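Good morning, and thank you for coming. Please look at the model on the screen while I take you through a few of its features.

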Amino acid sequence: MSAPETAEVLARNSDEAAEALISAQGLTKRFADFTAVDGIDFDVRRGEAFGFLGPNGAGKSSTMRMIGCVAPVTAGTLRILGRDPATQGPAIRARLGVVPQQDTLDLELTVRENLYVYGRYFGMSRAALRPKVDELMDFAQLSERANAKVEPLSGGMKRRLTIARSLINDPEILLLDEPTTGLDPQARHVLWDRLYRLKQAGVTLVLTTHYMDEAEQLCDRLVVMDGGRIVAEGSPQELIAAHSTREVAELRFAPGANAAAAERLSAALTGDRERIEALPDRVLLYVADGERAVARSHEIDLFPLSSLVRRSTLEDVFLRLTGRSLVD
Amino acid sequence: MGTEVVAAPPLSARPSAWRVVEYQLVAARRYWRSMVILGVITPLTYVLALGVGLGVVVDNNGRQLGVPYLVFVAPAFLTAAALQIAAADASFPLMAGFKWIRTFHGMVSTPLTPDQVCDGQLLWIAVRLIVNSSLYLAIMAAFGGTQRWWVLLAIPAATLTGMAFASMVAALAAVLENEGNGFNVLFRFVVTPMFLFSGTFYPISQLPDWGRWLAYVSPLWHGTELARGAGIGGLSAAAAIGHIAYLMVWLVSGVLLARWRFRVRLTK
């Protein structure tokens with residue numbers, strides 16, 4: 001089958017599958033003696049930003065490598081753009097953009113050369129690549145470094161180059177595995193801005209992260225993974241509404257005194273959805289009204305060293321669902 | 001995104017392993033000078049020191065070889081150089097693609113398959129061997145190390161020899177997980193002894209039985225016989241076919257093995 005035909009068939013197939021660009025049922029990945037992904041179901045719809053949230057080792061990257069048609073599926077069904085990765089890997093990969101967890105740039109080549117060479121892997125012509133490479137360097141704010149080697153660039157610049165590179169074939173789906181891990185806060189915000197623009201341009205984003213702020217910023221819908229399974233699914237707001245309370249009061253007591261304080265505070269809670277989480281360094285009160293909970297703590301003569309009232313985040317959802325925090 | 005949006009260029013064709021060769025050509029713009037310098041200095045050193053220097057001693061002791069020592073030894077050096085370059089290029093640089101700079105992992109997230117990545121890397125080594133052997137031959141000729149046009153066939157002979165070995169080393173590169181210590185063992189206990197026991201400096205008829213068997217097994221001996229046969233004749237068609245067949249067995253099994261290990265490594 002020639003390439004233009006392949007592209008047409010893919011386009012038609014994806015129109016039919018407008019509801020789900022990616023669809024997985026019972027998706028499983030096993031290595032010799034270890035199950036990384038344990039029978040998960042999910043659908044990714046066209047134009048949405050879909051996230052896999054979970055700690056390291058939850059099975060996110062293995063899932064991404066199966067979606068990227070790199071690692072074979074052990075069991076279950078996976079369809080990407082309506083196609084089976086087992087038999088049509090190269091045709092699917094021609095329509096994907098991939099941002100791996102670790103950069104795979106050639107550090108000896110220039111920014112421009114990295115983009116050019118990568119485009120050639122997709123079978124793109126030299127003439128067509130020239131304007132595309134310029135456009136992407138502009139997008140990644142790297143035009144001034146076009147002819148500089150990649151080696152000395154900052155981590156954030158390298159990451160932006162990796163993202164630019166993943167867009168060389170105008171992918172229908174962009175896969176991002178931990179896109180901002182290891183970057184400083186400013187570099188993360190620049191990157192989020194670029195990703196947000198892509199989302200606005202209609203690119204379907206699939207990303208993994210163990211940062212709840214990243215998931216909240218970027219994802220329309222996400223699944224929470226733990227131990228190879230999906231433990232919850234929904235929009236960030238839905239997940240918070242379903243699995244946490246509106247507010248959280250964080251009370252910090254003297255070292256060693258947190259557990260005992262939590263014990264006494266639990267008697268002071270009222271609502272049936274309210275609960276207490278005792279962490280080594282602080283006590284979290286999941287309540288409807290945080291200020292009132294702090295006041296009640298004072299009423300029973302518990303005076304924390306510091307207290308903070310905030311709204312619930314995905315971090316709290318994760319703690320609630322798994323009993324552990326996201327970033328260890 | 002951006003100020004102007006350029007439409008996606010058409011995906012002109014299913015990419016082939018040659019795209020990987022193209023990548024190496026782009027990368028080689030950085031280091032082709034040092035490649036050429038090395039490609040000139042190595043033959044100069046060997047041809048002058050051993051061919052011309054040692055050759056005077058050998059030739060003064062009577063021409064038992066039938067030709068000047070330089071003519072006898074130069075095609076063998078050319079072949080040995082091809083094998084050493086092939087082994088070097090198929091070892092640490094490939095390991096870097098898997099482990100350190102991870103470029104191969106980037107390639108297989110495009111339409112390229114692990115088999116194509118493997119083939120492309122091997123093709124690139126073949127290109128290098130052809131260029132390097134041609135350079136070697138030119139320098140041999142400049143110092144009187146050639147006698148007839150047939151010697152041009154030493155280039156394909158050396159390239160085949162190098163590739164027969166490089167494919168096996170590539171398979172090893174795809175297997176090694178540590179810092180590549182396996183390669184040090186390979187160079188010290190396989191590549192160097194092969195150079196000494198493959199009839200490079202003297203006909204293997206000078207060796208005891210066990211030494212001759214070492215040569216028979218070594219792909220370098222088969223390649224040396226072919227290159228020397230091209231340079232000075234005296235090689236029967238049957239023998240030539242035998243040598244080519246033996247090297248082809250190495251090459252084909254090596255490529256199959258390497259592709260398999262590339263698949264395993266890149267689809268984890």
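I begin at the end of one helix: α4 of chain B is followed by R102(B), whose phi is positive, near 60 degrees. Please keep in mind that this is a predicted model.

The axes of α7(B) and α11(B) are 8 Å apart, and the packing angle is about 25 degrees. An angle under 35 degrees counts as roughly parallel, and therefore α7(B) and α11(B) are described as roughly parallel to each other. Their crossing is left-handed. Sorted by class, the contact of α7(B) with α11(B) consists of 19 nonpolar, four polar and two charged residues.

In soluble globular proteins, nonpolar side chains tend to be buried together. In this model, the largest nonpolar core has 122 residues, and those with the most contacts inside it are I168(A), L198(A), F165(B) and F262(B). Helix α3 of chain B, residues 69–89, gives the most to this core, contributing 15 residues. There is also a second, separate core of 28 residues, which includes V44(A), M64(A), M66(A) and L96(A).

Next, a helix pair in chain A. Helix α9 (residues 236–243) and helix α12 (residues 314–322) of chain A have axes 9 Å apart and pack at an angle of about 45 degrees, which makes α9(A) oblique to α12(A). This crossing, too, is left-handed. On the α9(A) side, the contact is made by P236(A), L239(A), I240(A) and H243(A); on the α12(A) side, by L314(A), V317(A), R320(A) and L321(A). Six of these residues are nonpolar, one is polar and one is charged.

Finally, consider E277(A), which lies in strand β11 of chain A, residues 275–278. Is E277(A) buried or exposed? Its relative accessible area is 19%, and because buried means under 20%, E277(A) counts as buried. Leaving aside residues up to four places away in sequence, E277(A) touches R282(A), V283(A), L284(A), Y286(A) and L319(A). By contrast, E277(A) and R95(A) are 45 Å apart in space, C-alpha to C-alpha, and 182 residues apart in sequence.

Thank you for your attention.

Terms used: Residues are numbered from 1 along each chain as its sequence is written. Chains are lettered from A and ligands numbered from 1 in the order in which they are written. This is a predicted model: local features need pLDDT of at least 70, side-chain atom pairs count only at pLDDT 80 or more; totals for chains, interfaces and linings use all residues. Side-chain values use heavy atoms; hydrogens and water are left out. A nonpolar core is a set of buried Ala, Val, Leu, Ile, Met, Phe, Trp, Tyr and Cys residues joined through side-chain atoms within 4.5 Å. Buried means under 20% relative accessible area, exposed over 50%, partly exposed in between (1.4 Å probe, protein chains only). Helices (H or I, at least four residues) and strands (E, at least two) are DSSP runs, numbered from the N terminus. Axes are lines fitted to C-alpha atoms, for helices over the stretch in contact, and angles run from 0 to 180 degrees between N-to-C directions. Angles under 35 degrees count as roughly parallel, over 145 as roughly antiparallel, 65 to 115 as roughly perpendicular and the rest as oblique. A crossing is left-handed if the near helix is turned anticlockwise from the far one by less than a right angle, and right-handed if clockwise. Contact means heavy atoms within 4.5 Å. Ala, Val, Leu, Ile, Met, Phe, Trp, Tyr, Cys and Pro count as nonpolar, Asp, Glu, Lys and Arg as charged, and the others, Gly among them, as polar.
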